[in-house]
Amino acid sequence: FRFLRWTWRATYVSAIAGVAYVGYGIWDMRHPDDQAQPDPSKKTLVVLGTGWGSVSLLKKLDTENYNVVVVSPRNYFLFTPLLPSCTVGTIEHRSIMEPIRNFLRHKKAAVKYYEAEATKIDYEKRIIYINDDSEIKGDVSATEVPFDMLVIGVGAENATFGIPGVTEHGLFLKEVGDAQRIRNRIMDCCETATFKDQSPDEIKRLLHMVVVGGGPTGVEFAGELQDFFNSDLKKWLPEIKDTFKVTLVEALPNVLPMFSKQLIDYTEKTFKEETITIRTKTMVKKVTDKYIEAESAGPDGKKVVEQIPYGLLVWATGNALRPIVKDFINQIPAQKDSRRGLAVNEYLVVKGCENVWAVGDCAVANYAPTAQVASQEGAWLARMFNQMAKTQEIEAELAELSIKQETAPGKEVRDAVFTDIKDLQKRLRRVKQIGPFEYTHQGSLAYIGSEKAVADIAWWSGNIASGGTLTYLFWRSAYISMCFSTRNRILVCVDWVKSKVFGRDVSRV
Ligand code: FAD
Ligand code: NAI
């Protein structure tokens, strides 16, 4: 009884603490303090992008040290790990978006934000050209932003490898708009397949959902789509239940190449049970509006080209350079061999440049293009900028003290100044101690459908590989804790409960 009483008390106290924590989070979010205005006499630090790299930098940056300007066409941060869930309505897209204005409004010193796309970086002139690409344009929709320091965090665009028809007919999965387009297309295919007098071949084509790319984006999307079919579509549109089919096409011999062999096998087995077809060693070469043309090896080892009809085609074959990055690479001779992104050194400085740094998917620092890497890079850069500002402050104080020491009237005063100088020098040495960026890999996680996930978690010097329902619960709790804000966390939890209780919404908008 004593044990029970203590357990009950502990639960009660933790519940109150939890509510208080969430309550404070909400109150804090709604009541930003007054901000110091940007000081134009300070160095102008321009940050391009509002993704994982840039936002993690801005989160940790002491903005009062610089005149900070942010340029991005997206006025929100997007929590990409849960984007595949938005394609089928398990989560609503706004639940994983955090407005950049709210976030910047909470910084100590104000930050200027321009909703625009940076179209060109002129390194010689230290100018960024920006363009307002939104629907509503004012008298000025293109202008220049000068910089003293620049952080490039523009991410990457979708790789198509120049395969004909991909851009015209395929749907991608990188942004909120992509997820909305996929969600609508799925429903459109289902409704069109049930249209009066539709032929059996056409029904089969319309209900064939093809995903190209067996990386984590393709796998997670295929898993979510099959879940949607099993839990909802089948119920509301029983006439499609024998025809709806999901196929994952991958050029390599297996899916999820970054996971351990055991988890690859587990994923492929789970997909089989879920009735998702995996076509490995199959390379898509051409896309038309109704079929893809794929090349694979036949039983005799000879190449076979086949046409695979589809209703929905989701193209998830990785990253390619953005035009602004390509153009910048061409301006810097030291970048002439850069193919996958801006080559950076161990301090994330773009090679061949001064005062220009790059983070995330647009930078090549020998790490995978993931949110984990981008956010660690951004946070490290913020620490470095904060220390640089502190160093400059201490150096200025030291210069002042040296003059004071030379002109001090008596020995006693001179000694006191000398002690201050020694203290400051010690502080300076401490502050200057920032080592190069080092990435700490915490593991890889992916959802594979039917409430199962796979995880390769870094543990001490080894690795723990696990897959299944428990891993799925871990996946959920890890992503909930990583969400950007308390608001995001609450909204995502509400969406999970909503889709479990009421099912996913099958309306097309
Ligand atoms: P992004 O987050 O893509 O941000 C780029 C920013 O730059 C955006 O704000 C964009 O609007 C802006 N921008 C673009 N062009 C310009 C321009 N010309 N001028 C100014 N701004 C510009 N990684 C993981 O570690 N774990 C996961 O579970 C995971 N899941 C994912 C799921 C999906 C569906 C996808 C697509 C990716 C996932 N990733 C995951 C990868 C991860 O999202 C990326 O590695 C990460 O977003 C890279 O961060 P970034 O800051 O470089 O770029
Ligand atoms: P990816 O680069 O990881 O995988 C793309 C796959 O497409 C490759 O396996 C490639 O062989 C295949 N492919 C390329 N061309 C093809 C063709 N013509 N026909 C058939 N297959 C073809 O890309 P993805 O999944 O978009 O991920 C991008 C980055 O984001 C990766 O670094 C990934 O780790 C990260 N990410 C991480 C997630 C997670 O940790 N859960 C989720 C989503 C993305």
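A residue is taken as near a ligand if its C-beta atom, placed from the backbone, lies within 6 Å of it. The model is predicted, with local features needing pLDDT of at least 70 and side-chain atom pairs counting only at pLDDT 80 or more, whereas totals for chains, interfaces and linings use all residues. Residues are numbered from 1 along each chain as its sequence is written, and chains are lettered from A and ligands numbered from 1 in the order in which they are written.

**View 1. The shell around ligand 2.** Ligand 2 is surrounded by 28 residues, of which Gly213, Gly215, Pro216, Thr217 and Gly318 are the closest. Helices (H or I, at least four residues) and strands (E, at least two) are DSSP runs, numbered from the N terminus; H8 gives four residues, the largest share of this shell. By class, 16 are nonpolar, 10 polar and two charged, where Ala, Val, Leu, Ile, Met, Phe, Trp, Tyr, Cys and Pro count as nonpolar, Asp, Glu, Lys and Arg as charged, and the others, Gly among them, as polar. Because domain 1 (32-156 + 321-370) and domain 2 (166-319 + 440-502) both give residues, ligand 2 lies between them, the bounds coming from an automatic or database domain assignment.

**View 2. The shell around ligand 1.** Among the 33 residues around ligand 1, Gly49, Gly51, Gly155, Gly360 and Thr370 come nearest. This shell comprises 15 nonpolar, 13 polar and five charged residues.

**View 3. Strand S9 and its partners.** Strands pair if DSSP finds at least two bridges between them; S9 (residues 149-152) runs parallel to S1 (residues 44-48), joined by four bridges, and Leu45 stands opposite Met149.
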